[in-house]
Amino acid sequence: MSGRTHIVVDGVVHTYQPPRGRPVRALENVSLDIGEQEFVALLGPSGCGKSTLLYLLGGYLPVQQGAIRVAGKPIAGPAPDRGIVFQHFALFPWKTVLQNVLYGLEKQGMPRDRRLLRAREFIALVGLTGFESSFPAQLSGGMKQRAAIARTLAVDPQILLMDEPFGALDAQTRSLMQVELLRIWEGTRKTVVFVTHDVQEAVFLAGRVAVMSARPGRIKEIVEARFDKDDPDLFRTRPFVETVDHVWNLVRAEAIAAQRSGAA
Ligand SMILES: Nc1ncnc2c1ncn2[C@@H]1O[C@H](COP(=O)(O)OP(=O)(O)OP(=O)(O)O)[C@@H](O)[C@H]1O
Ligand SMILES: [Mg+2]
């Protein structure tokens, strides 16, 4: 990490206590510092606690043990400085695409004309122009996910928490959205925490890739991934391919461990 620290995760432990059944230890002593305007990717086997960590950062789960500080202050619930794109789309089913994107802007108290303009701008950005009046049930999975991304980006949070945001997109749209996200990040210099299962996506988008261990999740290794993202041949260059290989080996070892312990 370089520059000023934005987010500090310090010795965080998280245990789910279902109403019935045994407690589930999801995170074990997770520590991670994230710099201002840094782009960090989180990778790890299914069930290792990536979403849990993101919910904690978003303030949607209480910190049980350890500490999380954003700009030096402990987190106290969700706040507009942290926008989250959930793994499973969280659109209001009774609102249209436009109304969903407008929602966050209304809460910010932006005047109506500006709100409409801005909502339409972000709907266009994610390629949903023409679908403003559609309800979520009328959209494909990928379109829903893009609507959710537009809603989060429109609010312009300083911190973007993204949980497999491109997981439901086809390969072409995914690649376009990756480039768009990088453009937005370069233009607005947000701090981004991006969860993905796609190693190449992580190494391409992030400056650092944090690989988590099988459940209970810990940070196993942090891999530097600073490459020239404008290089059209980047995916074929040796340093890029080697970094992808290295991260892939780390993740594979943990996925095997998760399978053995039946954690996934
Ligand atoms: N509400 C809950 N109650 C009990 N256990 C839970 C709850 N939510 C998650 N868990 C458990 O906590 C662990 C971590 O879950 P989490 O959703 O954070 O994993 P993940 O890394 O995001 O997985 P995936 O890659 O599949 O999305 C899992 O073993 C899961 O079964
Ligand atoms: Mg998850």
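Colleague: Leaving aside its neighbours within four places in sequence, which residues is Trp-94 in contact with?
Modeller: This is a predicted model, in which local features need pLDDT of at least 70, side-chain atom pairs count only at pLDDT 80 or more, and totals for chains, interfaces and linings use all residues, while side-chain values use heavy atoms, with hydrogens and water left out. Residues are numbered from 1 along each chain as its sequence is written, whereas chains are lettered from A and ligands numbered from 1 in the order in which they are written. Contact means heavy atoms within 4.5 Å, and with those close neighbours set aside, the contacts of Trp-94 are Gln-99 and Phe-135.

Colleague: Where does Trp-94 lie, and is this residue buried or exposed?
Modeller: Its place is the loop between β6 and α2, these labels being DSSP runs numbered from the N terminus, with helices (H or I) of at least four residues and strands (E) of at least two. The C-alpha atoms of Trp-94 and Ala-137 are 9.2 Å apart in space, although 43 residues separate them in sequence. A residue is buried under 20% relative accessible area, exposed over 50% and partly exposed in between, using a 1.4 Å probe and protein chains only; at 58%, Trp-94 is therefore exposed.

Colleague: Which helices are among those that cover the buried residues of α2?
Modeller: The buried residues of α2 include Val-97, Leu-98, Val-101 and Leu-105, and just after this helix Gly-109 takes a positive phi of about 80°. What covers those buried residues includes α3 (112–125) and α4.

Colleague: How many residues does the second, separate core have?
Modeller: A nonpolar core is a set of buried Ala, Val, Leu, Ile, Met, Phe, Trp, Tyr and Cys residues joined through side-chain atoms within 4.5 Å, and in the largest one, with 52 residues, Phe-39, Val-203, Val-209 and Val-247 touch the most other members. Helix α4 (residues 141–154) supplies the largest share of this core, seven residues. The second core, which includes Val-12, Val-30, Leu-53 and Ala-210, has 25 residues.

Colleague: What share of the accessible area of ligand 1 does the protein cover?
Modeller: A residue is near a molecule if one of its heavy atoms lies within 4 Å of it, and of the 15 residues around ligand 1, Ser-46, Gly-47, Lys-50, Thr-52 and His-197 come nearest. Polar contacts are pairs of N or O atoms within 3.5 Å, and a side-chain N or O atom of Thr-52 is 2.5 Å from an oxygen atom of ligand 1. Accessible areas come from the Shrake-Rupley method with a 1.4 Å probe, and of the 640 Å² that ligand 1 has on its own, the protein covers 68%.

Colleague: How many residues apart in sequence are the parts tied together by Ser-51 and Gln-87?
Modeller: Donors are N, O and S atoms within 2.8 Å of the metal (3.2 Å for Na, K and Ca), and sites may look incomplete because water is not among the atoms. The protein donors of the magnesium ion (ligand 2) are Ser-51 (OG) and Gln-87 (OE1), 2.0 to 2.3 Å from it. Since Ser-51 is in helix α1 (residues 50–58) and Gln-87 in the loop between β6 (82–85) and α2 (97–108), the pair ties together parts whose separation in sequence is 36 residues.

Colleague: Ala-71 has a positive phi although it is not a glycine; what is its relative accessibility?
Modeller: The phi of Ala-71 is about 50°, and this residue is found in the loop between β4 (65–70) and β5. Ala-71 counts as exposed, because its relative accessibility is 53%.

Colleague: Which residue does a cis peptide bond join to Arg-215?
Modeller: The omega of this bond is about -5°.

Conventions: A polar contact is a pair of N or O atoms within 3.5 Å; within protein, one must be able to donate a hydrogen and the other to accept it, and residues adjacent in sequence count only if both atoms are side-chain atoms.
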